[in-house]
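Me: Can you walk me through this one? I'll ask about contacts, the core and the pocket as we go.

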Amino acid sequence: MGNYLVAMEAAWLVRDVDKIDDAIGVAVSEAGKRLNNQNMDYVEVEVGATGCPACGEPFDSAFIAADTALVGLALEMDVFNADSEEHASRIAKSEVGGALRDVPLSVVEIFERPEE
């Protein structure tokens, strides 16, 4: 049995917005509210980063077209006593996916935590 940090990304849609900063604020706030309503305040939520195709520098994962934004959110969750990385991944997706219904979610990285 091991402890893992599971990093996920979610695609959050924000309607009727014309500024990137507003879209990011709404997406992070709404995701946090839905997680907190399920008593999942242990899940960290922040805006994701996308690498620039030209220079490689990271920038906020958000795009606006026709007053609708797609914001990439980065989510992190600790999973304790999992049998394997795959098991930790399934646990995290199940818990977070249950709170964020109808939101595309994928695991991007899993880190094993040292035993204390």
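Me: What should I know about the source of the model and the numbering?
Reply: This is a predicted model, where local features need pLDDT of at least 70, side-chain atom pairs count only at pLDDT 80 or more, and totals for chains, interfaces and linings use all residues. Residues are numbered from 1 along each chain as its sequence is written, and side-chain values use heavy atoms, with hydrogens and water left out.

Me: How many salt bridges does a search of the whole structure find?
Reply: Two. A salt bridge here is a side-chain nitrogen of Lys or Arg within 4 Å of a carboxyl oxygen of Asp or Glu.

Me: Which residue does arginine 113 pair with?
Reply: Aspartate 78, with the closest N and O atoms 3.0 Å apart. That pair links distant parts of the chain, since arginine 113 is in strand S7 (residues 105-113) and aspartate 78 in strand S6 (residues 68-82), 35 residues apart. Helices (H or I, at least four residues) and strands (E, at least two) are DSSP runs, numbered from the N terminus.

Me: Is arginine 113 buried or exposed, or in between?
Reply: Arginine 113 is partly exposed at 37% relative accessibility, and aspartate 78 is partly exposed too, at 31%. Buried means under 20% relative accessible area, exposed over 50%, and partly exposed in between (1.4 Å probe, protein chains only).

Me: And what does glutamate 86 meet in a salt bridge?
Reply: The side chain of arginine 90, at 3.8 Å from N to O. Both sit in helix H2 (residues 85-99), and because they are four residues apart there, about one helical turn separates them. Arginine 90 is partly exposed, at 48%.

Me: Change of topic. Where does asparagine 3 lie, and what does its side chain reach?
Reply: Asparagine 3 lies in strand S1 (residues 2-15) and counts as buried at 14% relative accessibility. Its side chain reaches the backbone nitrogen of asparagine 81 at 3.0 Å. Residues that asparagine 3 touches, beyond four places away in sequence, include Phe80, Phe111 and Arg113. Contact means heavy atoms within 4.5 Å.

Me: What about alanine 27?
Reply: Alanine 27 lies in helix H1 (residues 20-37) and is buried, at 0% relative accessibility. Leaving out residues up to four places away in sequence, alanine 27 touches Trp12, Val14, Val71 and Leu73.

Me: Which residues have the most contacts inside the largest nonpolar core?
Reply: Met8, Trp12, Val71, Leu75 and Val96, in a core of 30 residues. S1, H1, S6, H2 and S7 each supply at least two of its residues, and the largest share, seven residues, comes from S6. A nonpolar core is a set of buried Ala, Val, Leu, Ile, Met, Phe, Trp, Tyr and Cys residues joined through side-chain atoms within 4.5 Å.

Me: What is valine 71 in contact with?
Reply: Among its partners beyond four places in sequence are Ala10, Trp12, Ile24, Ala27 and Val47.

Me: Last one: which residues are closest to the centre of the largest pocket?
Reply: Met8, Glu9, Gly48, Leu73 and Ala74, out of 21 lining residues. The largest share of that lining, seven residues, comes from S6.

Note on methods: A polar contact is a pair of N or O atoms within 3.5 Å; within protein, one must be able to donate a hydrogen and the other to accept it, and residues adjacent in sequence count only if both atoms are side-chain atoms. On a 1 Å grid over the protein atoms alone, a cavity is a set of points where a 1.4 Å probe fits but cannot get out, and a pocket is an open set with protein on both sides within 12 Å along at least five of seven lines; lining residues have an atom within 4 Å of a point.
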